[in-house]
Amino acid sequence: MNATQPIVDNLSLDMLSPDSLNSLVEKAISFASIYGLRLIVAIVVLLFGILVARQSSKIMSRILRKAKVDDILNSFMQNIVYYTVLAAFIVAALGQAGINITSFLAVLGAAGLAVGLALKDTLSNFAAGVVLILLRLFKKGDFVTIAGKSGTVQGLTAFYTELSTTDNQKVVVPNSSILNATIINTTAYATRRVDMVIGISYEDDIKRAKEILWKLIESDPRILKDPKPKIVVGELGDSSVNLYVRPWTSTEDCWSVRWDMLETIKVAFDKEGISIPYPQQDVHIIGEEPKAIEE
């Protein structure tokens, strides 16, 4: 028989004795009365903080909308306000729960440093996102080319920018790569110039071709009078005389005007007998005529 068995049995009997049970119950009640109340207060503070954070972000959104701030900055500021207020209430809730805030913040700071070193690329995206939002280089709905990707801006978060391409693909671009690259905002201005190169044959009448082009431009109501369109001889190419046609339109009409004009020009030139040549070369062979074969 095990020699320690009587000792274990005695301890079990002592723990099950009425005095021991009463002592344990009193300690549990004392612990619950002290720390349970603190825990309940901490939970109430946290829930109240969530409500305050939500209301604060909504108020910020209303203020920014009245100030006619674009949606990207509005969304970003909402998130900043929400998480800042929530973080303050989390700290307050931890204090109510009896946790030493000073020690907690020290540990949190050390952990934050370690996480920051591990996630330096993510933090650089966050910093770049803040800069992009403050500079407001583009807004939601703009068509841009950033970091080699083109599309319509759907949103700018703290870490990435979301684009939708013309064929409806979703493109997510990290903010740090945007800030370090060239940004082309195609829709930044209200008007755009449509650049077209129309080639005609060297045998065709340049003056007549320009008259036809002017007539087509003046008949399209989408083409602006100011700035004034231009039609000039841009270059004498290898196979054609290239006319540079430069009308101005509103930004939203730019591509439709270009497509319609190219078709209309081709139809009008065919009707007027003006050719649009394709690249070709004339080969001339110079040499002695072959001698007749003597019989």
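This is a predicted model: local features need pLDDT of at least 70, side-chain atom pairs count only at pLDDT 80 or more; totals for chains, interfaces and linings use all residues.
**Helix 8**

Helix 8 covers residues 254-272. At 1.5 Å a residue, its 19 residues should span 27 Å, and the end C-alpha atoms are 27 Å apart, so the two values agree.

Cys254, Val257, Met261, Ile265, Ala268 and Phe269 of helix 8 are buried, that is, under 20% relative accessible area. Seen down the helix axis, these buried residues fall within an arc of 95°, so they line one face of helix 8. An α-helix has 3.6 residues a turn, so residues three or four places apart point the same way. On the other side of helix 8, Trp259, Glu263, Val267 and Lys271 are exposed. The cover over the buried residues of helix 8 includes strand 6 (191-193), strand 7 (196-200), helix 7 (206-218) and strand 10 (248-250). Just after the helix, Gly273 has a positive phi of about 75°.

**Strand 9**

Strand 9 spans residues 241-246. Of its 6 residues, 5 are buried, so the strand is largely enclosed by the rest of the structure. Strand 9 pairs with strand 7 and with strand 8, residues 230-236. The table gives the bridges for each pairing.

| Pairing | Bridges | Direction |
|---|---|---|
| Strand 7 to strand 9 | 5 bridges | antiparallel |
| Strand 8 to strand 9 | 6 bridges | antiparallel |

Leu243 in strand 9 is the bridge partner of Ile198, and Val245 in strand 9 is the bridge partner of Ile231. Strand 8 and strand 9 form a hairpin, with 4 residues between them. Strand 7, which is joined to strand 9 by bridges, is also among the elements covering the buried residues of helix 8.

Technical notes
Residues are numbered from 1 along each chain as its sequence is written. Side-chain values use heavy atoms; hydrogens and water are left out. Helices (H or I, at least four residues) and strands (E, at least two) are DSSP runs, numbered from the N terminus. The expected span of a helix is 1.5 Å times one less than its number of residues. Buried means under 20% relative accessible area, exposed over 50%, partly exposed in between (1.4 Å probe, protein chains only). The arc is that of the directions from the helix axis to the C-beta atoms. Contact means heavy atoms within 4.5 Å. Two strands pair if DSSP finds at least two bridges between them.
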